[in-house]
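Open the structure in your viewer and keep the selection tool at hand. Each stop below tells you what to select and what is there.

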Amino acid sequence: MSANEPKYALVSDEPERQRLDSQHEQIKSIFNGKLLPDNLILKDGDRVLDAGTGTGVWALDIATLIPKTVEIDCIDITRRLFPASPPVNLHFSVGNILTLPASSAYTLVHQRFLTAAFSGSDWKTCLKNLYGALRPGGWLKMEELRALVLPDTLPNMERMLQFASAVEKGRDIDFAAVDHLEGWIKEAGFQEVQAEAQRWWLGPGEQGADNRAIIMEGWRAVRRGMKSFGNDLGMSDEEWNGFIHDIEKELAENESWLTVHSFTACKPYS
């Protein structure tokens with residue numbers, strides 16, 4: 001893998017578009033509908049950056065809440081999931097946060113769920129670049145996932161961890177990086193760092209049915225992505241389907257959850 005090759009482990013296709021849009025609604029609900037930092041009021045002439053925008057669903061949502069004179073730049077490593085007809089103040093382009101030049105142009109930068117894209121060193125580069133993109137006094141808003149189903153004592157979780165480890169090694173990423181993000185955000189120079197963690201319920205029963213569907217479709221997207229890179233992780237399609245069936249059944253029958261973290265931070269004026 002070359003140093004500049006995107007590492008994102010999920011595939012960008014139509015099922016993934018639908019999953020990301022559904023995921024946005026669930027994450028929004030987990031954090032009581034809050035999409036922006038509490039201390040931020042966007043006004044005429046402000047600019048927003050949505051890094052790793054995917055389908056642009058977060059940007060499309062906040063565009064309904066802020067003045068139409070606020071410009072929103074949305075970047076991703078591929079344009080395959082971009083919306084066909086976004087509002088005129090939303091601008092979609094191909095870009096990589098790991099190579100983003102410092103501009104000090106934005107009042108707010110947002111990023112969500114790139115744990116399947118970065119190693120620890122990538123995260124530090126990412127946060128440095130997000131800091132450089134912000135104007136003094138600007139805000140960072142970030143949501144990230146701890147890609148470990150809890151409790152990890154469920155019978156099939158050891159198999160899931162083995163699968164996750166194989167993906168991490170295959171793509172040079174770190175599913176547990178969120179454990180270090182608060183410290184790395186501070187190291188990048190941000191102040192007023194606030195971190196919040198909420199459980200994203202997966203089971204039992206109907207309590208987590210929608211969330212289970214989103215997460216399991218996410219793992220299916222990982223599988224499709226890894227196969228597109230020529231790596232089937234040592235599993236035939238039949239073995240994979242049996243593996244996923246066992247995981248889904250286990251989550252549906254037991255209290256289980258993922259942990260979603262929200263971070264806000266401010267770039268100091270000096």
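Select P151, which sits in the loop between β5 and α4. Helices here (H or I, at least four residues) and strands (E, at least two) are DSSP runs, numbered from the N terminus. A cis peptide bond joins L150 to P151, with omega about 0°. This is a predicted model, in which local features need pLDDT of at least 70 and side-chain atom pairs count only at pLDDT 80 or more, while totals for chains, interfaces and linings use all residues. Residues are numbered from 1 along each chain as its sequence is written, and side-chain values use heavy atoms, with hydrogens and water left out.

Next, select P204, in the loop between β6 and α6. The bond from G203 to P204 is cis, with omega near 15°. Most peptide bonds are trans, and most residues other than glycine have a negative phi.

Two residues with a positive phi come next. Select N32 in the loop between α1 and β1 (47-51). N32 is not a glycine, yet its phi is about 55°. N32 is exposed, with a relative accessible area of 69%; exposed means over 50%, buried under 20% and partly exposed in between (1.4 Å probe, protein chains only). Then select E192 in strand β6, where phi is near 50°, again positive in a residue other than glycine. E192 is partly exposed, at 48% relative accessibility.

Now go to helix α1 (residues 14-30) and select Q23. Is Q23 buried or exposed? Q23 is buried, with a relative accessible area of 6%. Leaving out residues up to four places away in sequence, Q23 touches F113, W200 and I214; contact means heavy atoms within 4.5 Å.

Show α1 together with α6. Two packed helices are described by the angle between their axes and the distance between the axes. Axes are lines fitted to C-alpha atoms, for helices over the stretch in contact, and angles run from 0 to 180 degrees between N-to-C directions. The axes of α1 and α6 come within 10 Å and cross at roughly 145°. Their crossing is left-handed, that is, the near helix is turned anticlockwise from the far one by less than a right angle; clockwise would be right-handed. Residues of α1 including R19, Q23 and Q26 meet residues of α6 including N211, I214 and E217.

α6 passes α7 in a right-handed crossing. Among the residues that meet are M216, W219 and R223 in α6 and W240, I244 and L251 in α7.

For the last stop, select F163, W200 and W219. Of the 33 residues in the largest nonpolar core, these three touch the most other members. A nonpolar core is a set of buried Ala, Val, Leu, Ile, Met, Phe, Trp, Tyr and Cys residues joined through side-chain atoms within 4.5 Å. Which element gives the largest share of this core? The answer is α6, with six residues. Apart from this core lies another, of 27 residues, among them I75, V109, L140 and F190.
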